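Dear colleague,

My notes on it come directly after.

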Amino acid sequence: MKLGHLGISAMAALVATVTATATLAQNKGLENPRSTSFHETLEGKKVVFLPLSMGFDLTEGWAARMRAQADRLNYDFQIRDPAWSTDAGTRALQSLIGEAPDLIVAHNPDIQSYARLLAQAQAKGIKVVQINLESNTQTDSYVGADWTEIGKQAAEAVVERCGEGKGSSNKVAIDTGVPTAASDVFQLDGIYKVLDQHPEIEVVSQQATEYNPEKARSIMETVLQQHPDLCGAIGIWDNQDTGTASAIEQAGKGDQVFLVTSGGGNRVGCENVENGMFDLYISYNVPLQGDILNAEIARLLLSETKAGENKALYFNPLTQITKDNVNQRNCWTLDEIR
Amino acid sequence: MAAKDELLALRYRLIPDRLLGELLTKSWIDNVIPALALAVTVIIMTILIPGYLSAGNMADLGRQVSEMGLIALAMTVVILSGGIDLSVGSMFALCVLTALTCMNVAGLPIGVSLAATLAAGLLCGLLNGVLIGYLRLRAFITTLVTLVIFRALYDIIFPRLASAIVGSFPTSALWDLIGFGDFFGVPVSFLIFAVIAIVLHIGLSRLRPGWRLRAVGGARRSAYNAGINVKFTVCMAYVVSGLLTATAAFLFSARLGSTGADTGVGLEITVLTAVVLGGVSLGGGRGSVGNAIIGTVLVLILSNSLIRLSMPGSVNQLILGLVLVAAVLFDRKWIKNRSKILSKVYVSPTYLPLRDRPDPGDDDYLAVNDKLGGVELIGLGAVEGPEDVILDRDGNLYTGTRHGNIVRFFGPDFKRHEVFARIGGHPLGLAFSPDGDLLTCVGGMGVYRVTPQGVVEKVTDETNRSLLSIIDDSRLRLPDDLDIAPDGRVFFSEATIRYDMSEWAVDALEGRGNGRLICYNPHTGTTRTVLRNLIFPNGITMCRDGQSLLFAETWACRISRYWFDGPSKGRVEIFMDNLPGYPDNINRGSNGAYWVALLGMRTKTFDLAMRKPAFRRRMAKRIASDEWMFPNINRGCVLQVSEAGELMDSYWDKAGENHPSITSTCEHRGWLYLGGVSNNRIGRVRIENSVPDWTIHQDYWGER
Amino acid sequence: MSDLSSWIVNMLHRRDAGISVPAMDGVLKPNSRLEDATCILNMPGIDDVVAAGSKLVVSAGSSLLAFPLPFGGGDPETISTFEGAISFLAVLDDGRYAVGVTGKGVYLGVPGSFTLIELAPELSACMMDATQVADGRLAICIGSLRNPANEWKRDLMEKGRSGCLCLLDLDTGSSDIVAEDLAFPYGVAARAEGSVAVAESWRHRIVAINPASKKRTVLLEDLPAYLSRISPALNGGYWLTFLAPRRQLFEFVLREDGFRKEMLETVDSEEWVGPSLSASTRYDHPLQQGAVRQMGILKPWAPSSSYGLVVRCDENMRPVESLHSRADGALHGITGICETDDGVFAVSRGAGKLVRFTGDSAGSAASEVQS
Amino acid sequence: MSGSIVPEKSSQNFPAGETIEVSTAKANRDGAWLFANLAKSQEGVVLMLAVLAFFGFSLFLPSFLSPGNLLALVRSVSILGILALGMAIVVIGRGIDVSMIATMVVSVAWAFVLTRGGLDLELALVVGGLFALATGMAIGILIAFGEVPPIFATLAAGSIIYGLGRTFFFKLEMQNIPPGYEWFSFFGRAQIFGIPVTVVTFGVLCVVVHLILSRTRFGWLTYAMGNNPEASRITGVPVRPMIVAHYAVSAIVAYGAGLILASSTSAINARLFNSTMIYDILLVVVLGGIGLSGGHGKVRNVILGTIFVGILLNGMTILNIDYTVQNLVKGVVLLLAIVIDSLINPRDEQTSQQGDL
């Protein structure tokens, strides 16, 4: 017995030594200097996100993604929340310029308000990425939807439905958000680019809802009473268009009125597609935007170029969601992307 | 025991309890709390946020303050008029729109644009003004409606111009200067704001319109009855508000060169918060430019810093809400209770040890007698409160009454009397100048001169203000007695700087050196305080050496001698100490003696109380003033004192019936005339061993 | 804010902030009836008065004086004198007098023949009043076991609680104490159901004490002045007399232990802050601000240290009428009272006067007096 | 045919129907007398305007007088009306509650969040209700015992409540009805005898509030407080508890309105708080003739105001006027109403109260 024990332990020792020597002899690969420098340069950088406001799917989604990367590459990521107030936003931006972080991710309330300040920021050497809503000044990078494209798609869909001889009529209503916001300015352009080729389509109402569903609701209610035979409606944003939709539902015209809206592809939006409140939902896929945003952030932080030296932009792909293709894959919830 | 008293004395010498009460009497105390709040916030933020006080940051703050501050001023003006203006936000938006349309769209010169913007503000303000001022609509609901209307206008016009506005940049150097420029780091917009603020402050606090505004806000009805044109004033308040808002809008547009759909939304609430936080109280009348600015800065700093600390916007809202509640709560309670607290803490007694009272029994001079028992009464019921009495060369008797007159009784029998002069305040000390003018200390007024023809003229009513006194001690509150030096200088005592004539007795409870000795120099016309911190300095009389004077410190029960001239100029030494009562006026008498009137007698219990300040403070706080323990001033006594300060004789009124309190004496041709501040009579008694034809006049100024 | 300030006040002072004295109002609304009462005898030291059959007997100093009843005016005759100050005077059912003499005890008998029942010195030092109870024994109020009767002011200032009620068996001379820790019981009167009403002066109240069960019940409290004696009224009620008024200042000093102790040690009792029997004529007696003579007059509502008050209560000790002599009056320090068919007689010890007046409810006799 | 429908429908739906009808009847009989009578109060003025507008529209707008449209009319404003009822109670008691919207959105949104968190909707709704009640009482206490002027107390309370909700209760402002509770949204869109539930609720609530104000001690005391707080306090009205009660009631009403709103739009959006809705409520109340100085005003005033606003909006809608322009008109009309009021019975310097805004 004892002997056996000895034997076993001896053998084990032998094996151990053999393997040890073997590993010593093995090739241990090369250190990748770029990886280390990548991590080193990013470490300790400061990125600040200035949204329209926190508390709705888009901003929360982007923030989640950006924070994730910040934690991964441990650079500092902060949020300044002006809570829908352009004034507070400008104040925040102004103090940011004083603070001079490495990079600002700006979400413009309209194409003008931040324009000058963003220019100032870049002049001070702060790199600026604009997300989804651009401003007059083009900055180091813009990531987000191509509103003109969304406009076109939406318009085409509506024309498809309410064009010559189709639908209850040719009447179409447009609910804009904030007239000076990029989403409106460019999307309207896109919409009309299409509609102009279809003179039969009659835009019976085009009113600003300030992203406010209640306002959207009452407007749509009004419109529906003015034009009971309304055929199509284009909304600028799913959050506000829940109001539009419910107005249509209440009027019992769910089937008659074809409602197109666009949004970040949040689960809530998808639910509304499922229960038939939205007929077409053009999603600019917030998680995707978030990832691209992250890539841009990393790129800019790494690049040697001065702020505002060369300006990039990327329009992310859009997905059209309808009752048929609505599913988990192209819808997301905050918890998933955290 | 002794050690304990030492400690007590020390504690009351070192800790100035009285300051608290004196602070509360100041009107500016209202602004102190918001200011403190501001300071605290700044400190906290500087700790929390690195580089918070950086020049750049301050410049930004300056820009923002200048915009919001102007609107806060607008709100303040309206609130001062007793109204409220909820429409500032929408007004602001409209004005911004005007400015931008002029600059960006129409491309007008900046001057024209400014004019247009102001015009827009003026119109909006005028609408409010006419509705509320002239049609007398309710401010709240009216401005609420105009808020909706202006906002609707904005919503209608804005989308039509939006793209045009954002489409183009105006090219105007001045425009950019206003927007971004600065002088030595101070933003231009802030300079503009500062100028406006200062002008407004002067207008509100120093000029008639401002006073009218406050009057209307404070008590509309009274203002109306006082003949102020209420309608016009109120209307103007709103017009001004409109103009200020327009100015703010102009600065705003210059800074951002753009406007959003939400411009000015909820601004009225932010501004209201700021203003109330600053200490402008609703219901009108109370508030200042300073308040508005403090509030604005506070709110801005708070909200900015919260964003800066990357708090969610909701937390921001939460905290601002809480702050507003706290502010209003405090404002209410403060207004309600300030006077209560004041009345509780103002009286602040201090430690005043007195040696054991000499017992009249063992001093035959002091022994209680009834020499005043048979006092002849003059003008019984005809005079009230003859504090001092004096006779002129012709033997006519003069005295002051609490009705504010100087009454003259015609000698030798003093049956007839007339009102010699009407002063207006209660004349206390009296003295004749060599040329026959009658000088008098008037309670609450100052020192006045009455010519033999009865013409009243002011001698002086103020002295140099001392630096470290919270109370404004440049005014004379309670001048008590005076005397005239050979060279014509007038030395007079002010009994206390903390209490008025009506409540002079409360000073007894304090027993602190609240009084002072003041000198008026007719040659230079200046008045200067010569001795401070005297314990109720009362009577004054010139010594015969022409270089010194005697003054009595009532609650300290002592008489001191002060040299105002000669070799030992400035020296003060005790002349008589530990008197049996409370000395009032001192006057010269025949045979080189002095008469000292004791307005009341010391009691062992009160002496004990004087050694127990805490006891007295509690007494003052807890029981009605009528019930306060008090020296026995129902019993008067007169002492005759030699040049060297020894006691020569004493005159008592045993029963205290005939002549209760004695505050002054005057010897004249063998008679001693007695005055008493709480009497309705003048007393007169024969003096044994006096010089029959002695009068003060010859004693002072020699024979004519 | 108010809460804050009150909190501060509480922090600064251990006790509650407000000091109040019951206002003289309602039935006790001040008047000048006592002041206007007709003075029938002027004698310093006069202390108590009782009606004994056909005599109105008055005690002053060490002697008893008597007027014949019905009252015809004139001067009283001295009927007997004792070696020591008379502390109380009571008439028994069998017509005998019970006379308390300070330091001795109780003398029993009729003028001319008195027999002494000795009492322990601590008891006899401060006898205040006595009355005969149902079982024939004599209920005697001992104001204080610590201070003699003439030191009542000290007892008050020491917050004296050492008084007691003792029952004296007139036959055996044995005495037993039925109630202790009384705050200076000054007056006593028999009640219908066998208990006695005792005026607990320093506690400004009247308690009913049942000699048998020793049970105490408060009959009347929160009086605005310090009680002295009680005597039955003809129509079943009681007459209460009052020694001196309560004042905020006195109550305050009573709370201020430090000050009070030092005052007791270092100051002569005449100069103390506190109640007194008569307006002091001394120049060194402290004043209260409201008592300063203005324009030669002392306001009747001035906070004086002495006051004259007589109150009549019904059989349930509810006050029904009151007579006053206010601050500007002289008839202060009432210590004795008795109602007879021809008027009510009250003793003002402060003024040394015996006065006669008629109560509201006095019968036909009263009207005769008026005429 | 349509003519016959008007009175019947209106009398069925809202008590004010009679008032309108009767007064119009009078109008036909003796216009001058009626004018003299009505012109005494702002209420009368508004009433006349309403009647004028009503007849004007029914004459010139063919589609106006259709039952469907009239329903839509009332329906579009009934939420407003419900909130206005709550506000009215507070205003009559000489207060004002601008925190209603905040209470409404936060309590309802929280209920939804709780449900999404796994709680039963029923239970969650109870919790929401309790929260609303708590906030109401807190505000009441602040005003009653803290003596803070109502406008500021509620102003601040509004942002506090909203801040609380956004910070602690829910992240997203937009809260859909949790899936699996269709009955809830159904309830919002349902109809009783062809009348939308919202309208019915409004009607019922009107009756209830009317009874409370006119038949109960609570109601009488409320008027007393509004008329003269000092006097009522002295005469023993429990002013402070009453104030607390008022704000509690308004909070609960706000919560109810929120539920109906949510169920009809199948979602609640917290951003309503930033909208001008609260002003609209005040407009309805004041327009109806309930003075902000308190002490007078009845349910019929609220109904009047609501209906008038409804008529205006609806008419303008049919006239194809922009939403923004409608706001303008709304404002101008209200302004006219109060101007006319002040012209008819002007305030005198001697009688106007100090510091009442």
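The notes below take up the chain interfaces, a surface patch, a salt bridge within a helix and some backbone features.

This is a predicted model, in which local features need pLDDT of at least 70 and side-chain atom pairs count only at pLDDT 80 or more, whereas totals for chains, interfaces and linings use all residues. Residues are numbered from 1 along each chain as its sequence is written, chains are lettered from A and ligands numbered from 1 in the order in which they are written, and side-chain values use heavy atoms, with hydrogens and water left out.

Chains C and B

Between these two chains, 43 residues of chain C are in contact with 52 residues of chain B, contact meaning heavy atoms within 4.5 Å. The area buried between chain C and chain B is about 4,000 Å², with 59% of it on carbon and sulfur atoms; buried area here is the accessible area (1.4 Å probe) that two parts lose on being put together, summed over both. Chain C and chain B are also joined by 6 salt bridges, a salt bridge being a side-chain nitrogen of Lys or Arg within 4 Å of a carboxyl oxygen of Asp or Glu. The side chains of C:D284 and B:R357 form a salt bridge, at 3.6 Å from N to O.

On the side of chain C that touches chain B, at least two residues each come from α1 (2–12), α5 (248–255), α6 (257–266) and β20 (287–288) of chain C. Helices (H or I, at least four residues) and strands (E, at least two) are DSSP runs, numbered from the N terminus. This side of chain C divides into 20 nonpolar, 13 polar and 10 charged residues. In this classification, Ala, Val, Leu, Ile, Met, Phe, Trp, Tyr, Cys and Pro count as nonpolar, Asp, Glu, Lys and Arg as charged, and the others, Gly among them, as polar.

Chains A and D

Here 33 residues of chain A are in contact with 30 residues of chain D. Chain A and chain D bury about 2,500 Å² between them, of which carbon and sulfur atoms give 51%. The count of salt bridges between chain A and chain D is 2. A:E271 and D:R116 form a salt bridge, with their closest N and O atoms 3.5 Å apart. Polar contacts across the interface of chain A and chain D number 3 residue pairs, with both residues at pLDDT 80 or more.

The side of chain A that touches chain D draws at least two residues from each of α3 (57–72), α8 (213–226), α9 (238–250) and α10 (267–274) of chain A. Of these, α8(A) gives the most, with 10 residues. By class, the residues on this side of chain A are 9 nonpolar, 14 polar and 10 charged.

Chain pairs without contact

No contact joins chain A and chain C, and their closest C-alpha atoms lie 35 Å apart. Chain C and chain D likewise have no contact, with their closest C-alpha atoms 10 Å apart.

A salt bridge within a helix

Over all chains, the whole structure holds 68 salt bridges. In chain A, the side chains of A:D87 and A:R91 meet in a salt bridge of 3.5 Å, N to O. A:D87 and A:R91 are separated by about one helical turn because they are 4 residues apart in helix α4 (residues 86–99) of chain A.

Backbone features

Most residues other than glycine have a negative phi, and most peptide bonds are trans. The peptide bond from B:G411 to B:P412 is cis, with omega near -5°, and B:P412 is in the loop between β6 (405–409) and β7 (417–422) of chain B. The peptide bond from C:L69 to C:P70 is cis, with omega near -5°; C:P70 is in the loop between β4 (63–68) and β5 (77–81) of chain C. B:C557, a residue other than glycine, has a positive phi near 55° and is in the loop between β17 (548–553) and β18 (558–563) of chain B.

A nonpolar surface patch

B:L126, B:V130, B:Y134, B:F232 and B:M236 form a nonpolar patch on the surface, with about 390 Å² of accessible area together. Patches are made of residues with over 30% relative accessible area and no salt bridge, like charges being joined within 9 Å and nonpolar side chains (Val, Leu, Ile, Met, Phe, Trp, Tyr) within 5 Å. Accessible areas come from the Shrake-Rupley method with a 1.4 Å probe, and for residues only the protein chains shown count as cover. The largest share of the nonpolar patch, 3 residues, comes from α6(B).

Yours sincerely

Methods
A polar contact is a pair of N or O atoms within 3.5 Å; within protein, one must be able to donate a hydrogen and the other to accept it, and residues adjacent in sequence count only if both atoms are side-chain atoms.
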